[in-house]
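Below are some notes on the model, arranged as numbered points that can be checked against the coordinates. Please read them with the structure open.

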Amino acid sequence: MLRADGAAAPKEGPRSPVLRAEGLVKTHYGEGAPAYAVRGVDLAVRQGEFVAITGPSGAGKSTLLHLLGGLQRPDSGSIWLDGECADKWSEARWAVERRKRLGIVFQFFNLVSDLSVADNVELPALLAGVPPKRARAERAELLAELGLAGKERSMPGELSGGEQQRVALARALVNRPPLLLADEPAGSLDSKGTREVMRLLSRFHQRGQTIVLVTHDARLASAADRVISFFDGRIADDAELDGGTPSRRAGISGVLELRD
Ligand SMILES: Nc1ncnc2c1ncn2[C@@H]1O[C@H](COP(=O)(O)OP(=O)(O)OP(=O)(O)O)[C@@H](O)[C@H]1O
C-alpha cells in the first residue's frame, strides 16, 4: 500500500493493530451543558481480535465508535487504520475507506427505505464492484443465517425493528470487511435473534475478521475475547477473556463483571 506521500506504508504483522487511537477527545455541544463524551482514549485493536466495549448509558461508547469509523471527528487525538494515519482524511476519503475496509452497524439502522431487503444488502457489494451473481449468493447466505430467508422482497418498513437490525448487520458484512464496528447489533432482538447474531459474529471472527462491538448484553460480550469497560468517557478496564478467565491489561477497576 502507498501512503499519500508516495512512500510505502509500514508492513503490518499478523497481530499488529488494524485500528489504533491515541488521545481521542470529543465533547458534544448541544442545548445544555457540554457533554464530555470521550475524554482521552488510547486504544489498539489487533487483527483478528473480537473486542466488546461495554459500560453504562451515556458513558460515551457510541461516540467512541463514531470517531473510530470517521462518522464524527475528534476534537483532538489521532486514529490509524492499518497503520495509516487518518487525521487528514476528508469526508470523501473516509467514505471510500469505509466501503473498502470497514463494516458499520449503528443503532439506527439506516436502511434505504425504498429498496427491498435484498437490494439493501447487495448494494454495498455492487458499489464495491462485486459481480452481481456473487453479491446475490452472499446476500442469500447472510439472510439465511440471520433467520431472514423469505424476506428478500420485503421493504424495510414492513419489517420489525429486530428484523431491520439483522438486515443492517447483513449489509455491513456483505463485503466481508476486515474490520466490523457495531453498536448494539442485537439491541432490539429476542434471545433467538441474539443467538443468531452471536453465531454470525463468531463465524466472522473465526474467519479472521476483526470486530469491535458496543453492547449492553453480557451474552454478546462473553463471545468476545477482550472486554473494555467504558466509564465516563474513558477506558476503565481492559480485560482479555482467555478461556473464560479475565486477565486485566490495565484499568482503574473492574467496573463490570461479565462472567461468573
Ligand atoms: N450529537 C450529540 N449532541 C449532544 N450531546 C450528545 C450527542 N451525542 C451524544 N451526546 C451526549 O454525549 C454523552 C455520551 O453519549 P453516547 O451516546 O456516546 O453514550 P453511550 O455510552 O453510547 O450511551 P448509550 O449506551 O445510552 O447508547 C451523553 O451525555 C450524550 O447525551
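1. Some remarks on provenance belong here. The model is predicted, so that local features need pLDDT of at least 70 and side-chain atom pairs count only at pLDDT 80 or more, whereas totals for chains, interfaces and linings use all residues. Residues are numbered from 1 along each chain as its sequence is written.

2. Taken as a whole, the protein has 7 helices and 11 strands. Of its 260 residues, 35% count as buried, a residue being buried if 20 or more other C-beta atoms, placed from the backbone, lie within 10 Å of its own. Among contacts between residues at least 6 apart in sequence, 64% join residues at least 24 apart, where a contact requires C-beta atoms, placed from the backbone, within 7 Å of each other.

3. Which residues surround the ligand? The shell consists of His28, Gly30, Ala35, Ala37, Gly55, Ser57, Gly58, Ala59, Gly60, Lys61, Ser62 and Thr63, taking a residue as near if its C-beta atom, placed from the backbone, lies within 6 Å. Strand E2 (35-46) and helix H1 (61-68) are the elements that give two or more residues to this shell, and H1 gives the most, with 3 residues. By class the shell comprises 3 nonpolar, 8 polar and 1 charged, with Ala, Val, Leu, Ile, Met, Phe, Trp, Tyr, Cys and Pro counted as nonpolar, Asp, Glu, Lys and Arg as charged, and the others, Gly among them, as polar.

4. The helix that gives the most to the ligand shell, H1, is mostly covered, with 7 of its 8 residues buried; among them are Lys61, Thr63 and Leu64. After H1 comes glycine 70, whose phi is positive, near 75 degrees.

5. Strand E9 (residues 226-231) is largely enclosed by the rest of the structure, because 5 of its 6 residues are buried. Strand E3 (residues 50-54) pairs with E9 in the parallel sense over 4 bridges, and valine 51 has arginine 226 in E9 as its bridge partner.

6. The axes of helix H5 (residues 161-173) and helix H6 (residues 191-206) come within 11 Å and cross at roughly 5 degrees, the axes being lines fitted to C-alpha atoms over the stretch in contact, with angles running from 0 to 180 degrees between N-to-C directions. H5 is therefore roughly parallel to H6, a label used for angles under 35 degrees. In this contact, Gly162, Arg166, Leu169 and Leu173 in H5 meet Gly193, Val197 and Phe204 in H6, a set that divides into 4 nonpolar, 2 polar and 1 charged.

7. In helix H3 (residues 117-127), the buried residues are Val117, Asn120, Val121, Glu122 and Ala125, and what covers them includes helix H4 (132-145) and H5. Just after H3, glycine 129 takes a positive phi of about 90 degrees.

How values were computed:
A residue is buried if 20 or more other C-beta atoms lie within 10 Å of its own, exposed if 12 or fewer, and partly exposed in between; C-beta atoms are placed from the backbone. Two residues are in contact if their C-beta atoms, placed from the backbone, lie within 7 Å. Angles under 35 degrees count as roughly parallel, over 145 as roughly antiparallel, 65 to 115 as roughly perpendicular and the rest as oblique. Two strands pair if DSSP finds at least two bridges between them.
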